[in-house]
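Please read the points with the model open beside you.

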Amino acid sequence: MEKLKAVLDLYLKHHSTLTYGLVTLLTAGGEKIFSAVVFQCPCNATWNLPYGLVFLLVPALAFFLLGYMLSARTWRLLTGCCARRGAAGAASARCARVCAQLSAAAALAPLTWIAVALLGGSFYQCAASGSAWIAQRLCANLNATCAEQLPLVPCSQDDAGKLSLLRQLKAQSQVLGWVLIAAVIIFLLIFISIPRCLSPVSFLQLKFWKIYLEKEQQFLKSQAMEHATELAKENTRCFFERSHPKKYNTPSTKDWQQISLLYTFNPKYQYYSMLHKYVNRQEDSIKSSDGDTVIAVLNFVDSSVLNSSVL
């Protein structure tokens with residue numbers, strides 16, 4: 001039990017890193033399975049390019065959209081947004097910033113897919129062999145039939161002449177793959193470092209902040225389960241006994257909306273979550289004030305959810 005508890009503690013401390021690592025491994029493994037089992041280049045001048053691009057880009061698009069769907073911040077932003085009214089300019093600016101941050105996080109899996117696919121070379125070889133633009137440059141110093149034979153290259157593993165063209169296409173694919181990997185690493189370094197440098201709070205306060213959120217969510221879930229259980233039990237009892245229920249102080253729709261808003265940081269106030277801000281409010285509702293802004297390094301505040309499911 002102690003070892004299991006240690007593993008769970010490790011996961012809770014580094015769950016974001018472990019999740020991204022697992023997504024990367026699963027994406028790379030999925031690409032290998034697709035290229036080995038599903039992918040079969042048609043070796044046709046008409047179909048090679050679209051067929052190769054579909055396998056290279058469509059799964060990447062699917063992973064990108066899935067990244068949006070699995071983010072708790074996406075649903076915090078979208079749920080009830082059509083019914084809310086407020087300062088359109090400020091809300092639009094915040095939504096744009098949050099969408100940019102969500103896009104950057106959701107791009108990890110699709111970029112991994114494309115990078116691994118380019119290193120493997122199969123998808124690029126098929127797509128490039130059907131491109132007239134690439135054929136014109138690849139066959140510039142070769143015989144006149146090179147451009148006509150290029151679409152057949154992915155299916156000709158025994159022909160020495162075609163094998164040379166195949167190797168050139170694979171080399172191009174792998175160079176593009178390594179360039180993409182280098183660009184992603186540089187982007188991640190910038191994406192992580194700049195928000196940290198611009199953080200309005202210190203390193204240790206961020207640690208404390210995450211501990212607070214973990215405990216807040218534990219107590220919120222426990223209290224919500226207890227309150228929902230008692231309310232359901234009371235309503236069921238009154239139904240069968242045909243009696244009037246006791247009064248329960250269940251939060252109103254407006255109350256739930258207030259604590260479900262996207263978190264905005266304000267240096268004038270020390271609020272660690274929207275729930276914290278709500279219970280310390282000076283008025284009946286939480287209103288945006290001067291200085292409220294979306295801080296990238298504090299994205300983890302909106303990622304706190306009552307359970308592991310975001311849908």
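1. Start with a term. A salt bridge here is a side-chain nitrogen of Lys or Arg within 4 Å of a carboxyl oxygen of Asp or Glu. By that rule, R237 and E241 form a salt bridge, with their closest N and O atoms 2.7 Å apart. Both residues belong to helix α11, and they sit 4 residues apart, so about one helical turn separates them. E241 is partly exposed, at a relative accessible area of 49%.

2. Keep the origin of the coordinates in mind. This is a predicted model.

3. Now the overall build. The protein chain has 13 helices and 0 strands. Read from the N terminus, the elements run α-α-α-α-α-α-α-α-α-α-α-α-α. The chain holds 311 residues, and 32% of them count as buried. Its accessible surface comes to about 20,100 Å². Carbon and sulfur atoms account for 65% of that surface.

4. Contacts reach across the sequence. Take the contacts between residues at least 6 apart in sequence: 70% of these join residues at least 24 apart.

5. How many salt bridges does a search of the whole structure find? The search finds 3. Besides the R237 pair with E241, R237 forms a salt bridge with E234. There the closest N and O atoms are 2.6 Å apart. E234 and R237 are 3 residues apart in helix α11, which spans residues 203-241, so about one helical turn lies between them.

6. E234 has 6% relative accessibility and counts as buried, because buried means under 20%. R237 counts as partly exposed, at 32%. Return to R237 and E241, whose closest N and O atoms are 2.7 Å apart. Through shared partners, salt bridges join E234, R237 and E241 into one network.

7. Which residue forms a salt bridge with D302? The partner is R73, and the closest N and O atoms are 3.2 Å apart. D302 lies in the segment after α13 (274-279), while R73 lies in helix α4 (residues 72-78), so this pair ties together parts that are 229 residues apart in sequence. Is D302 buried or exposed? D302 counts as buried, at 2% relative accessibility. R73 counts as buried too, at 4%.

8. Look next at helices α6 and α7. Helix α6 covers residues 108-120. The two helices pack at an angle of about 75°, with axes 5 Å apart. Angles of 65 to 115 degrees count as roughly perpendicular, so α6 and α7 are roughly perpendicular to each other. On the α6 side, the contact is made by W113, A117, L118 and G120. On the α7 side, it is made by S122, F123 and Y124.

9. Stay on α7 for one more residue. Q125 is found in this helix, which covers residues 122-129. Q125 is buried, with a relative accessible area of 10%. Leaving aside neighbours within four places in sequence, what is Q125 in contact with? The contacts are P154, L166, L169 and K170.

10. Finish on the surface. I33, F34, V37 and V38 make a nonpolar surface patch of about 360 Å². One of these residues, I33, lies in helix α2 (residues 15-38). I33 is exposed, because its relative accessible area of 53% is over the 50% cut-off.

Conventions
Residues numbered from 1 in each chain as written. Predicted model: local features only at pLDDT ≥ 70, side-chain atom pairs only at ≥ 80, totals over all residues. Heavy atoms only, no water. Buried < 20%, exposed > 50% of the residue type's maximum accessible area, 1.4 Å probe, protein only. Contact = heavy atoms within 4.5 Å. Areas by Shrake-Rupley, 256 points an atom, 1.4 Å probe, with all protein chains shown as cover. Patch = residues over 30% accessible without salt bridge, like charges linked within 9 Å, V, L, I, M, F, W, Y side chains within 5 Å. Axes fitted to C-alpha atoms, helices over the stretch in contact; angles between N-to-C directions. Parallel < 35°, antiparallel > 145°, perpendicular 65-115°, else oblique.
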